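Here's a quick walk through the model below. Have the sequence and the 3D view open as you read.

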Amino acid sequence: MELRDDQPTQHEFGKRTFLVADVEPLDVDGVRTVEVGVALWFVGFLALLPFYGRLDDAGRGWWLWTCLAGFGLGLLGLEYCRRRRRARLARDEAA
């Protein structure tokens, strides 16, 4: 059995024909993206920390804890992405 992934080279919608560019996918491991996200959640937490009393009085104290949860979950995601990158590099070196 031969497995092929033949992709269309053009799409027709109504009276228009669109050509599909032959572009290789990016080899992105997501580490930098997750690092930026974790940093933004932490900055949000630090920015809201001085206003905790005011936020709590307005019933929006959960904003602070959402930032902290985003930071914590982001750290877990960061570790996952780093392990995945190391595993991919090890696989590529072995091949």
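## A look around the chain

Phe-42 counts as partly exposed, because its relative accessibility is 34%; the classes run from buried (under 20% relative accessible area) through partly exposed (in between) to exposed (over 50%), using a 1.4 Å probe and protein chains only. Phe-42 belongs to helix 1, which covers residues 31–48. Helices here are DSSP runs of H or I with at least four residues, strands are E runs of at least two, and both are numbered from the N terminus. From Phe-42 to Leu-76 you count 34 residues in sequence, and the C-alpha atoms sit 14 Å apart in space.

A word on the ground rules: this is a predicted model, where local features need pLDDT of at least 70, side-chain atom pairs count only at pLDDT 80 or more, and totals for chains, interfaces and linings use all residues. Residues are numbered from 1 along each chain as its sequence is written, and side-chain values use heavy atoms, with hydrogens and water left out.

Now the overall layout. The protein chain has 3 helices and 2 strands, arranged along the sequence as β-β-α-α-α. Its radius of gyration is 22 Å, while a compact globule of 95 residues would come in near 12 Å; the radius is taken over C-alpha atoms, and the globule rule is 2.2 Å times the number of residues to the power 0.38. Along the principal axes, the C-alpha atoms fill a box of roughly 65 × 50 × 20 Å. Of the 95 residues, 16% count as buried.

Which residues line the largest pocket? They are Gln-7, Pro-8, Thr-9, Val-20, Ala-21, Asp-22, Val-23, Glu-24 and Pro-25. That lining splits into 5 nonpolar, 2 polar and 2 charged residues (Ala, Val, Leu, Ile, Met, Phe, Trp, Tyr, Cys and Pro count as nonpolar; Asp, Glu, Lys and Arg as charged; the others, Gly among them, as polar). The pocket's volume is about 160 Å³, meaning the space filled by probe spheres set on grid points joined across faces, edges and corners. A pocket is an open set of points on a 1 Å grid over the protein atoms alone, where a 1.4 Å probe fits and protein lies on both sides within 12 Å along at least five of seven lines; lining residues have an atom within 4 Å of a point.

Pro-8 comes in the segment before strand 1 (10–13). With a relative accessible area of 41%, Pro-8 is partly exposed. Pro-8 and Val-20 are 12 residues apart in sequence, with 7.3 Å between their C-alpha atoms.

On to the rings: the whole structure holds 4 aromatic pairs. The planes of Phe-13 and Phe-18 meet at 55 degrees with the centres 6.0 Å apart, so this pair is tilted. Trp-62 and Trp-63 make an edge-to-face pair, 6.1 Å centre to centre with 90 degrees between the planes. Rings of Phe, Tyr and Trp (its six-membered ring) pair if their centres lie within 6.5 Å; planes under 30 degrees apart are stacked, over 60 edge-to-face and the rest tilted.

| Residue | Relative accessible area | Class |
|---|---|---|
| Phe-13 | 56% | exposed |
| Phe-18 | 40% | partly exposed |
| Trp-62 | 52% | exposed |
| Trp-63 | 35% | partly exposed |

What about the cysteines? Cys-67 is buried at 9% relative accessible area, and Cys-81 is buried at 9% too. The disulfide count is 0, where a disulfide is a pair of cysteine sulfur atoms within 2.5 Å.
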